[in-house]
Amino acid sequence: MESAPLVENMDKDEKAKIGNLLKANIMFLVYQLSVNVHDPVLTQYIYQRYSDEVFDNSTKSATTANQTSKCYVNESDPGYMLQERIQDLTSNCQTILVAIGNSTALISCMFLGAYSDFLGRRFLFICPLVGQILKNVLTIFVIYWNLDLKYLFVGEVIEGVSGGYNGVILASYAYTADNTPPKNSRTVGIAVIDFTTYLATAASQVITGYFIKDLGYLYPSITTTSLMFLSLILVIVLLPETINKDRRSQYPSPLKAVKNVFGFYFSKDFGQRRRLFWLSVTTYFLTYFSISGVFFLEYLFQLNLPFCWGPELIGYFNMALALSRQVLGIPVIKLLHLCTSDPEICIITSVILAASYILNGAATTDVMLFLTVLPNGIAAPLLPTLRAVMSRMAPPEMQGSLFAGIGLVNIISSGAGSTVFNEMYNATVKMLRGFIFFTGAGCQLLCAFIMVVFLCTTRRGTVTDTSAVGINDND
C-alpha cells in the first residue's frame, strides 16, 4: 500500500516531463520557423544586392526580388563573368558574417551552458533570443533603407555575444536531457528537436519562396522578427524551470565553469571514458563541419548553372528535403533500435549521407538533385544520435556543461566548414562545381570509420555509465 503514492508521484512526474517537452517543442517550432524564413531571405537578399551593384541595375531596388533567376550560359558573355563575380561576392560576405557571429559566440555559449546547470534553463533560452531579436530588427533597417551591407556585421556581433542560434539549440538539448532518462528515449527526445527543425523548414520554405517573389525581402524579415519575439514570450509564459532552486545559489567560479565544460575530455575523473568522448566529439565535429560547409553553398549551387533555380523551386526543394527528414527520421531511429545500438546507427547514417553528397555533387539535372532527398531523410538521425551518445555518458547535473561543449563544437566546426567550403567553392566552381559535395562525402566516410573504432572500444568492456562522476577542482 505504501508504494501506491510513490507510483502515483512517479506518474505525475512523468506526465509533467512530457508536458515540458511538448511546450519546449512548441516554442522551438516557432523559433525555427523564424530562423528558416530568415536564412534564405538573407542569402538571396545579399545575392540580389550584389547583382544590382555588379549589373548596375539602377531601375530596380533590392527590396523587390527578381521574378525569375537568369543564368548566362555562354562563358564568353560579359554577363556570365559578372554572374561569377556575384557568386564570389555573396560567398565572401557570408563567410565574414559566419566568422563574426561564431567568433563572438564562442565564449558566450561556453559560459551560458555551464552556468545554466546552476542558474537555470530559462535563463539559457532568454539571453540568445533577445540578441537575435535585436539582430533581426537591424536587418529590417538595412533592407528598408537600403543601408550598407556592413551593418549586417553589427547584427552578427549582437547575436554572437548573446549566444545566438547556438545558444537556443544548446538550451533545447539541455532542457530535453533534463526531462528524459539516459536511455533510447533520450535519443528520440533529442531527435525530436532536430525533426521539429525539419518540420519548420518544410512549412517555411515554399511560403518564403513566394513571399520573396511577390513582396520582396522586407515583409519576410518583419515576419521573422515577429516570430522570434513570440518565441521569447512562449519561454517566459510556458516553460517551467528544470533546475532546482538550491543549485541556483551554488553557481561556480568562471574557472570551475570552464573546467566543467572541458572536463569530459581532459579530467582524470572520467578515466578511460575520455577516449569515448574524444572519438564521439571528433565524429560530431567532422559531421557538422561538412553539413555546415555545404548548407549555404547549396543555394549558390542551385541559383546558377546548370540549374538556374528561382526562389520558388529552391523553396520546393528545401520543403521536400525537410519533409523527408521529418517523416523518415524518427521511424528510422525506432526501426534501427530494434537491432542496432546508437553507435551503429551513426555508422549506417554516415555512409548514407556520404552517398547523398556524391549524388548531389554529380547532379546535372533537376531530377538528380531531387533524388538526393531520400538518402538525406534516411541519414537524418546522425547528428541527434551522436548528441544522445555523448549525453548518456555525462552525469545528469552536467548536461548543460556537456551541451555547452557541443555548442562550442557547433560554432567552431560551422565556422571552419563555411570558411573552408566557401574558399573551396570559389577555387573549384569553374572546374568542378560539385567538388564541395565530394569533399563532404569524404568527411562522412571518415566519420563512419571513427565510430567503428568507438564501437570496438565500448565492446572491449569500457564502462559508459558516468552518473556518479564529478569533476574535482584540483584536477
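**Figure 1. Cys-308 in the loop that joins H10 to helix H11.** Cys-308 is found in the loop between H10 and helix H11 (311-337) of this predicted model. The phi angle of Cys-308 is near 55 degrees, a positive value in a residue other than glycine. With 23% relative accessibility, Cys-308 is classed as partly exposed, because that class begins where the buried class, under 20%, ends.

**Figure 2. Overview of the protein chain.** The protein chain contains 17 helices and 0 strands. Of its 475 residues, 57% count as buried. Among contacts with a separation of 6 or more, 86% are between residues 24 or more positions apart. The chain exposes about 19,600 Å², of which carbon and sulfur atoms supply 66%.

**Figure 3. The largest nonpolar core and the contribution of helix H10.** The largest nonpolar core comprises 111 residues. Within this core, the residues that touch the most other members are Tyr-31, Ile-46, Phe-264, Tyr-284, Met-390, Leu-402 and Phe-403. Helix H10 (residues 273-303) gives the most to the core, with 14 residues. Another core, of 8 residues, lies apart from it and includes Phe-195, Ala-202, Ala-322 and Ala-380.

**Figure 4. Surroundings of Met-390.** Met-390 belongs to the group of residues that touch the most other members of the largest nonpolar core. When residues up to four places away in sequence are not counted, Met-390 touches Tyr-265, Phe-277, Ser-280, Val-281, Tyr-284, Leu-402 and Ile-406. Tyr-284 and Leu-402, both touched by Met-390, are also listed among the residues with the most contacts to other core members.

Figure 5. Phe-229, Leu-230, Ile-233, Ile-236, Val-237 and Leu-238 make a nonpolar surface patch of about 510 Å². Ile-233 is placed in helix H7 (residues 218-238) and is partly exposed, at 37% relative accessibility. Residues of H7 that are buried include Leu-218, Pro-220, Ser-221, Thr-224 and Thr-225. Met-228, Ser-231, Leu-232, Leu-234 and Val-235 of H7 are buried as well. The 21 residues of H7 should span 30 Å at 1.5 Å a residue, and the end C-alpha atoms are 30 Å apart, in agreement with that expectation.

**Figure 6. Lys-135 and its two glutamate partners.** Glu-156 forms a salt bridge with Lys-135, in which the closest N and O atoms are 3.1 Å apart. Glu-156 lies in helix H4 and Lys-135 in helix H3, so this pair ties together parts that are 21 residues apart in sequence. Glu-156 and Lys-135 are both buried. Lys-135 also forms a salt bridge with Glu-159, with the closest N and O atoms 2.8 Å apart. This second pair links distant parts of the chain, since Glu-159 is in helix H4 and Lys-135 in helix H3, 24 residues apart. Glu-159 is buried, as is Lys-135.

Figure 7. The side chains of Arg-459 and Glu-344 meet in a salt bridge with an N to O distance of 2.8 Å. Arg-459 lies in helix H17 (residues 435-459) and Glu-344 in helix H12 (residues 342-362), so the pair ties together parts that are 115 residues apart in sequence. Arg-459 is exposed, with a relative accessible area of 59%.

**Figure 8. The network of Asp-117, Arg-121 and Asp-178.** Salt bridges that share partners join Asp-117, Arg-121 and Asp-178 into one network. The structure as a whole holds 7 salt bridges. Side chains of opposite charge can pair when their charged atoms come close.

**Figure 9. Helix H3 and the residue that follows it.** H3 has 25 residues and reaches 37 Å from its first C-alpha to its last, close to the 36 Å expected at 1.5 Å a residue. Just after H3, Asn-146 takes a positive phi of about 55 degrees. Asn-146 lies in the loop between helix H3 (121-145) and helix H4 (151-162). The relative accessible area of Asn-146 is 42%, and the residue is therefore partly exposed.

Note on methods
Residues numbered from 1 in each chain as written. Predicted model: local features only at pLDDT ≥ 70, side-chain atom pairs only at ≥ 80, totals over all residues. Heavy atoms only, no water. Core = buried A, V, L, I, M, F, W, Y, C linked by side-chain atoms within 4.5 Å. Buried < 20%, exposed > 50% of the residue type's maximum accessible area, 1.4 Å probe, protein only. Helix = DSSP H or I, 4+ residues; strand = E, 2+ residues; numbered from the N terminus. Contact = heavy atoms within 4.5 Å. Patch = residues over 30% accessible without salt bridge, like charges linked within 9 Å, V, L, I, M, F, W, Y side chains within 5 Å. Areas by Shrake-Rupley, 256 points an atom, 1.4 Å probe, with all protein chains shown as cover. Salt bridge = Lys/Arg side-chain N within 4 Å of Asp/Glu carboxyl O. Expected span 1.5 Å × (residues − 1).
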